[in-house]
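Please look over the model below with the following points in mind. They are set out as a colleague's note, to be read alongside the structure.

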Amino acid sequence: MALLQIAEPGQSAAPHQHRLAAGIDLGTTNSLVATVQSAVARALPDEDGACLLPSVVRYTRAAEPEVGRPAQARQAEDPVNTIASVKRFMGRRLADLPEAASLPYRFIDQTGMVGLATAAGERSPVQVSADILRTLRVRAEASLGGELAGVIITVPAYFDDAQRQATRDAAHLAGLTVLRLLNEPTAAAIAYGLDRAAEGVFAIYDLGGGTFDISILRLSKGVFEVLATGGDSALGGDDFDRAIAQWFCNGHGVEGLAMLAPSAQRSLMMAARAAKETLSHAGSAVIALAHADRSIWQAALSRAQFAELGAALVARTLAATRRALRDAKLGTGDIDGVVLVGGSTRMPLVRHAVQEFFGREPLADIDPDQVVALGAAIQADVLAGNRNGDGWLLLDVCPLSLGIETMGGLVEKIIPRNSTLPTARAQEFTTFKDGQTAMSLHVVQGERESVADCRSLARLELRGIPPAVAGAARVRVSFQIDTDGLLAVTAREQTTGVETHVEVKPSYGLTDVEIAAMLQQAIDASLPDMQLRTLREAQIDARRLLDATEAALDSDAALLSADELAAVRRAMFQVGEALETDACVDLLKAAATDLAGATETFAARRMNASIRNALAGRNLDTLV
Ligand code: AMP
């Protein structure tokens, strides 16, 4: 019992091609794009060498908005038309934004997502985000020298469906193909290669300019699951700047920042931020503020003093972390790794506090501003199918193709490798022999053309196919893989509905190294494999022709003269011999062509005879 493919041909994986793919961190304050080149993920800089694009867009009467630094530079001067932190408005209605009243924008309250009135007309948060994404797309395409085939965009783990859909819409508007949205903490974990561990629970501590997020992830069977998220959407690096500014004011007899003129407030906040950043690598920093009367206030801040000023803020992040752990029903001892994300985790006081809290040194070697985009780039590269035989695999894609044995010991791939999980594909097969009532299905894994070179996963049998001529039955074979990598194979005869089912764990027992070796073998063997497939297919055609001729001779040999019969027999013998001796494809094809030629007249006579039989005894009236 064997199978013959009759439908949906050409579903197997296309030959390997490098496709340009990128990871995009669409952040609240900054956004960036990264890609994998020569197996290394790196962030792509703009023409001035800056990787971070401030997530700020300014709309004027000009056709094109200003995006990034030019927009940020005009923010104080034109606050109404300069949209910053638009991520907070994605997928949100005005009623969802309690902070709206304190923002300088002209919000438009509408049934769907909130709108923004600008000098260039009404803009939705999706359009503003699309302008940021378009800038990154142009940057990436200029730097990579081609069109991006697909991108991964990161979103906070707590984003709901509306926020995720808004992000997808923005990408679409920017002309990008989204391979997948990826949770930001998962991207950070991938950048550190944590997905290559077998199992583990990880904490991702993300302290940015204005927000704090903590996520607890569990890696199980190669898939990251978000166990808990928490944080504070109004706690970030800016609060540390404010604490320094407040301390500075107090030192100069001013009660609070609000007592200063707006321009002095801005200057002091900038000086405070610079001092904070200096203290990440120096023991002390000087803060100076020039007044309109030309007097200058100055103060030196030591790292120890700053640690005191910031202690309460850090304690708030740890309280939120404790809550997230409680939600996940875990203790700090259950955490197998801690990852630091966000520019504010450069502060030594934050690093020390996190290390003390978890009792382990956090992972912090990758630039905390880039880590999310780098992880997204790594996964984009995998999903685009560019990872090949280098031993690196992400397990929430299917690492090797899955298929089914067909006639001649060949493999028909049903799920191509690197399909993202979960996935499902189906193909139709039919019977090979007249009256065939059962089919055996052999499920295999691998990239090679021949079953013998692939890994056998399971065998199942479908019984109860109604007897019919070869090729009449329609058996639909479906492959389904869930997020845990569990493969379910179902074969169903379409007319009767009889079906059979089996479940297998495809990656079970294979290490990444073994998978990589199998891929390499497939690449090395691609030419001989193609030749083998051509030969096997020619053998199948020849065998069918031989069987059909034999059956025709059994019933209608009388239609041939002795000479004609001898010629057909001779041609049959040649084909039989070519099959038996495993002759080369050219010889086999030549023998089969001769046999087809020798049986041409025979076929015509059989056709005439069967028409004569059908018409015998019937008059013309019954036929029209
Ligand atoms: P992000 O939103 O992740 O880009 O983080 C921006 C925040 O990181 C701002 O508050 C920056 O002041 C802060 N930041 C950047 N570099 C440093 C540094 N070297 N030390 C302390 N904070 C920093």
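1. Leu116 has Arg123 in E11 as its bridge partner, and E11 runs antiparallel to strand E10 (residues 115-118), to which three bridges join it. Strands here are DSSP runs of at least two residues, and helices (H or I) are DSSP runs of at least four, numbered from the N terminus; two strands pair if DSSP finds at least two bridges between them.

2. This is a predicted model, in which local features need pLDDT of at least 70 and side-chain atom pairs count only at pLDDT 80 or more, while totals for chains, interfaces and linings use all residues. Residues are numbered from 1 along each chain as its sequence is written, and side-chain values use heavy atoms, with hydrogens and water left out.

3. The open sheet has three strands in the order E9-E10-E11, with antiparallel pairing. Strand E9 (106-108) and strand E11 (121-123) are at the edges with a single partner strand each, so one side of each lacks a neighbour in the sheet.

4. Beyond its neighbours within four places in sequence, Tyr205 is in contact (heavy atoms within 4.5 Å) with residues including Phe212, Thr317, Leu318 and Val341.
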